[in-house]
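Reader: I have a model open on my screen and would like to learn how to read it. Could you walk me through some features with me?

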Amino acid sequence: MEKGALQQLLSQMSLREKIGQMIQLTGACFDEEAVLTGETGTDQLPEEAVWMAGSVLGMIGGEKIREIQKVYMEKHPHHIPLLFMADVIHGCRTIFPIPLAQACSFHPQLVQEGAAVAAGEASSEGIRASFSPMIDVSKDARWGRIMESFGEDPYLNGVMGTAMLNGYQGDRSGTGTEIAGCLKHFAGYGAVSAGREYNDVEMSQRTFLEQYVRPFRMAMQAKPAMVMTAFTAIDRKPVSANRQLLHQLLRSQLGFEGVVISDWGSIGQLEEQRVATDQKEAARMAADAGVDIDMMSPAYVHWLEELVEEGTVAMEQIDACVWNILKMKNRLGLFEDPFAGIGKSQILSEESRTVAYTLACESCVLLKNDQILPLDQNQKVLWAGPYVDSPQLLSRWAIFGRHSDVNTIEAALKETGAQAECLQGCEMLSQEECRMWQVREPSGASGGIRLEDVAKIQRDDTVVLVLGEHESQSGEAASRAFLDLPAPQQELFEAVAQRTDNLITVIIAGRPLDLRAVTEKSRAVLLAFRPGTMGAKAITSLVYGKENPSGKLAVSIPYCVGQAPVSYWDMTTGHAMSQQETDNRYRSRYMDIPNKPLYSFGYGLSYTQFEISDLRIGKEKAKDDGKVSVWCKVKNIGQRAGAEVVQCYIQTLFAAIVRPEKELIRFQKVFLEPEEEAEVEFSIRVEEFLYYDEKMHLTYTNTPFQILVGNSSECVRTAGVVQF
Ligand code: NOJ
């Protein structure tokens, strides 16, 4: 629709219609099969409010949605189409690895391809907007939502968030197969205190802007259709009522032009946070702050009309919100054809599965390999653990994923024809853990380990144990104070580790776990996080060497839970602990554990070796075009083809304020045949060195920055120093 026609439409709408656009309800108002992803907060709505709501969430089904849309549009005074949104977080029907795993691929192009597949499947099933990507910097393994983020690094979150958005939103050619993306949660939610879900956030303004807002700033180049406000507060001011953040920072400084949507009930929650006296006050505060859509709280639906009529909320404010929403619907082509994408893309096609498989392979991180992997598939191997015959390779955020579409490891082994015997060994969770995680217990499950399975293992047998968290142990509302494997699996691990010297452990999880015992007692450890629909095939291909691991950690694996939150970019401290001074008490240290994580950000092994050499930087000063160039060579010096992620970090050598230890500023994944060598060039814009000085002014002058290059955050060498 032309801009003029859209403006005319807005001018003809009644107040009630306008407010309708600003309300999002659960799809359960229209369809009892809709998925509920939060508590219902909109009590008994008048029927008119339901049929006037501008968008719904949690519904799927092309034909079902077509029918609802038809009836809805007939009833709607101006026949404005309803927008169907949902949490398509890591795939719709074809489920990709969780975002945390996708980040470990360090392969943004592949992440973009996966998102394009998800957009095709979602739109084919009637969904035209997704609440993804989540780019909350997350360094606390206790937080269940760490699985939905791209990990601990701000830059990596920015790169991957941009890639995912580009995949969802496509080239906007209006085919109906693209969907609107939503950057979330603006901002700081990843730093909830003590990793406890929905908890308060405390951090300095500097850290907030430099580290937590940075990915949002970066992803603005992909023109996100929506941004979702965080449940949390920044500087004690809840984001959904924070005009300064939403107007000054998000719209004016970051240049965001799309729709601001609240999180589920986050407007109504202002009352609970005791910053609004009641729901009416909450509605006023959120409208004033610039929240265009109220997702699932009673505030806008019950109070906005009255607030406008009494003059507390200005009509211009309402018009500005509705204009943003109409523009989004228009950009999706809904006015021309509200059914455009339905049935257009194939679900779980061969091509989609191939992207999911490649992404799963590239997401797995080989943490340890004591000359045992890859295995020969003609050698007899015992595969054991509750994951061997389980399709639970998805996640709680794969709300439309079906376990019936997932191949198990046992099935994948049969397909490859490997000489493998499978043993379950134990249940996934004990009975008590089932209750704690609200999982229906498998009938008759004892929760203990199967001694008869363990007894089959001989000392020289090679055993691959596949262990990990249950799907319900990560995601929203899944914080943990312990990072251990479930009880029966720990017991199984110890029993198996005592019986064989050739133990390989594969870990499936939605977060970094405490892997000390596992890495100590296994000869090899492969971390798959939650690998998705094609996860089983990816794991077996990696173990048998059909594929070469190339994933690198997007998040540090803490030494133990007491070390969390931990990241490679933690601030530089006084009393710094050096490698040599391990017996000095008066250092910034723990007396009982090392300072370093068990495995640091950027780490990951391959079946081949790479050599990084010839590190150089363009000039000691910035070039005239405002760029710094960094070069190096990377060579595959092993026997197999493989991929190395060359990583470039900057380290502030001296500044008036304390700065992070290191910051990732570029990376490149390079695929090389044996003996092949490639030259890598990174070009860094001068603005990317900006930081907030003591007066909170952005600066990069008079500051020496060391440029470091390597293959993990721990393994880097200096390429030079620049100063502007
Ligand atoms: C709450 C979550 O925080 C948000 O990320 C999600 O998109 C909404 N619920 C909708 O399910």
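Author: Gladly; we will take helix pairs, then sheets, then aromatic rings and backbone details.
This is a predicted model, in which local features need pLDDT of at least 70 and side-chain atom pairs count only at pLDDT 80 or more, while totals for chains, interfaces and linings use all residues. Residues are numbered from 1 along each chain as its sequence is written, and side-chain values use heavy atoms, with hydrogens and water left out.

Reader: How do I read a pair of packed helices, and at what angle do α16 and α21 pack?

Author: Two packed helices are described by the angle between their axes and the distance between the axes. Helices here are DSSP runs of H or I with at least four residues, strands are runs of E with at least two, and both are numbered from the N terminus. Axes are lines fitted to C-alpha atoms, for helices over the stretch in contact, and angles run from 0 to 180 degrees between N-to-C directions. Helix α16 (residues 409-416) packs against helix α21 (residues 535-543) at about 55°, and their axes are 8 Å apart. The two are therefore oblique to each other (under 35 degrees counts as roughly parallel, over 145 as roughly antiparallel, 65 to 115 as roughly perpendicular, and the rest as oblique).

Reader: Which residues make the contact of α16 with α21?

Author: From α16 come Ile409, Ala412 and Leu413, and from α21 come Ala536, Lys537, Ile539 and Thr540; contact means heavy atoms within 4.5 Å. Five of these residues are nonpolar, one is polar and one is charged. In this scheme Ala, Val, Leu, Ile, Met, Phe, Trp, Tyr, Cys and Pro count as nonpolar, Asp, Glu, Lys and Arg as charged, and the others, Gly among them, as polar.

Reader: Is the crossing of α1 and α14 left-handed or right-handed?

Author: It is right-handed for α1 and α14. A crossing is left-handed if the near helix is turned anticlockwise from the far one by less than a right angle, and right-handed if clockwise. The axes of α1 (residues 3-12) and α14 (residues 315-331) come within 10 Å and cross at roughly 135°, which makes α1 oblique to α14. Lys3, Leu6, Gln7, Leu9 and Leu10 of α1 meet Asp319, Val322, Trp323, Leu326, Lys327 and Asn330 of α14. By class, this contact has six nonpolar, two polar and three charged residues.

Reader: And what is the handedness of the crossing of α6 and α15?

Author: The crossing of α6 and α15 is left-handed. Helix α6 (residues 108-124) and helix α15 (residues 350-363) pack at an angle of about 145°, their axes 10 Å apart.

Reader: Now for sheets. In what order do the strands of the open sheet of four run?

Author: Strands of a sheet pair through backbone hydrogen bonds, either parallel or antiparallel. Here the order is β20-β19-β24-β25, with antiparallel pairing; two strands pair if DSSP finds at least two bridges between them. At the edges stand β20 (663-672) and β25 (716-722), each with a single partner strand, so one side of each is left without a neighbour in the sheet. The twist averages 20° from one strand to the next. Strand β24 (residues 705-710) is joined to β25 by six bridges, and Gln706 stands opposite Val721 in β25.

Reader: How is the pairing in the open sheet of six strands?

Author: The pairing is mixed, and the order is β11-β16-β15-β14-β12-β13. Neighbouring strands of this sheet are turned by 15° against each other on average, direction ignored. Strand β12 (residues 381-384) pairs with β13 in the parallel sense over four bridges, and Ala384 stands opposite Leu423 in β13.

Reader: How many aromatic pairs does the structure hold?

Author: A pair of aromatic rings is described by the distance of the centres and the angle of the planes. The structure holds 19 aromatic pairs. Rings of Phe, Tyr and Trp (its six-membered ring) pair if their centres lie within 6.5 Å; planes under 30 degrees apart count as stacked, over 60 as edge-to-face and the rest as tilted. Tyr568 and Phe601 form a stacked pair, 4.7 Å centre to centre with 20° between the planes.

Reader: Which peptide bond to a proline is cis?

Author: The bond from Ser132 to Pro133 is cis, with omega near 5°, and Pro133 is found in the loop between β4 (129-130) and α7 (154-169). The bond from Phe186 to Ala187 is cis too, with omega near -20°.
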